Amino acid sequence: MPELPEIQAHAERLDSALGGVALERFTPITFTALKTFSPAPETAHGHELASVGRRGKHLLLDFGEVTFVVHLMQGGRLRFDEKQSAKPRNGQARWRFADGRALLLTEAGTERKAGVWMVAGDPDAQEPLVGLGPEADTIDVATLAPLQKEHSMRLHGFLRDQHLVAGLGRLLANEICHRARLSPFATTAKLDEDEVGRLVAAIHACIEEGLAFERGLEEMSSSADRPAAVHHRIGETCPVCGDAVRAVEYSRYTVAYCATCQTGGKVLADNTTSRFLK
Ligand SMILES: [Zn+2]
């Protein structure tokens with residue numbers, strides 16, 4: 001799934017390509033693409049794209065009075081639509097602009113989780129953005145420490161919970177724990193001052209690295225190509241210490257970690273029973 005660096009870089013690309021261009025028409029292609037009933041899509045027609053921004057893992061297409069909030073989820077992509085065919089493959093929704101160009105939201109697979117919310121007024125106060133946690137790229141110790149005291153849970157799960165910290169996913173959660181030399185199963189409320197400091201530094205460093213990589217591309221990367229020390233590297237050598245990268249497998253994702261760097265050599269239990277409990 002695209003995470004903060006991929007979404008941020010993509011927002012910047014779309015903003016520089018389409019900023020200031022008026023929207024001719026927004027067309028939902030499937031019944032499930034548009035998640036809101038009001039305001040009507042026509043409300044945005046004729047308005048210029050003021051900016052393309054980001055909140056968490058959402059893209060925000062701001063047309064002034066109304067904003068389209070786009071969530072790509074796992075298989076969604078928002079790309080220029082060269083063909084503009086009547087029935088585009090995997091097509092979910094299309095924005096056609098006054099200069100003839102168009103953006104197409106596609107979603108591979110059959111999950112149909114990607115979607116578009118159209119909102120009037122402040123997007124932060126409405127679904128799907130209401131209740132999102134602080135942005136990961138600007139979070140500091142003063143914000144994070146009390147959140148971790150209040151929500152005591154495993155660190156890896158904490159980092160992936162969009163209501164606690166917005167913008168991180170499976171890849172960055174793995175990378176951040178490794179960079180901070182913290183166990184993915186560390187209990188958040190028990191982290192000391194030094195550990196929270198390391199965690200914040202690791203969050204910022206991993207995001208910066210991802211952003212630098214992503215800004216050098218013309219299209220959003222796929223997960224396997226992104227810079228990573230442990231994610232997608234199970235069984236390979238830890239670049240920091242030379243130990244093997246290990247995994248804890250869940251039904252929907254894999255926690256990747258280095259025992260020497262992160263758990264004092266302790267091998268974490270392979271929690272395969274979790275797939276039956278979920
Ligand atoms: Zn290591």
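At what angle do the axes of helix α1 (residues 4-18) and α5 cross, and within what distance do they come? In this predicted model, the two axes come within 8 Å and cross at roughly 40 degrees. Because of that angle, α1 is oblique to α5. The crossing of α1 past α5 is right-handed.

The contact between the two helices involves L4, P5, E6, Q8, A9, E12 and R13 on the α1 side.

**Zinc site**

The zinc ion has four protein donors, the SG atoms of C238, C241, C258 and C261, which lie 2.2 to 2.4 Å from the ion. Along the chain these donors follow the spacing C-x2-C-x16-C-x2-C. C238 and C258 are 20 residues apart and link distant parts of the chain. C238 sits in the loop between α5 (193-215) and β9 (245-249), whereas C258 belongs to strand β10 (residues 254-258).

Why is the arrangement around the zinc ion tetrahedral? The 4 donor atoms subtend angles of 95 to 115 degrees, and four donors count as tetrahedral if all angles lie between 85 and 135 degrees.

| Residue | Relative accessibility | Class |
|---|---|---|
| C238 | 3% | buried |
| C258 | 0% | buried |

Both residues count as buried because their values, 3% for C238 and 0% for C258, fall under the 20% cut-off.

Key: Residues are numbered from 1 along each chain as its sequence is written. This is a predicted model: local features need pLDDT of at least 70, side-chain atom pairs count only at pLDDT 80 or more; totals for chains, interfaces and linings use all residues. Side-chain values use heavy atoms; hydrogens and water are left out. Donors are N, O and S atoms within 2.8 Å of the metal (3.2 Å for Na, K and Ca); water is not among the atoms, so sites may look incomplete. Four donors count as tetrahedral if all angles lie between 85 and 135 degrees; four count as square planar and six as octahedral if opposite donors are over 155 degrees apart and all others between 65 and 115; anything else is irregular. Helices (H or I, at least four residues) and strands (E, at least two) are DSSP runs, numbered from the N terminus. Buried means under 20% relative accessible area, exposed over 50%, partly exposed in between (1.4 Å probe, protein chains only). Axes are lines fitted to C-alpha atoms, for helices over the stretch in contact, and angles run from 0 to 180 degrees between N-to-C directions. Angles under 35 degrees count as roughly parallel, over 145 as roughly antiparallel, 65 to 115 as roughly perpendicular and the rest as oblique. A crossing is left-handed if the near helix is turned anticlockwise from the far one by less than a right angle, and right-handed if clockwise. Contact means heavy atoms within 4.5 Å.
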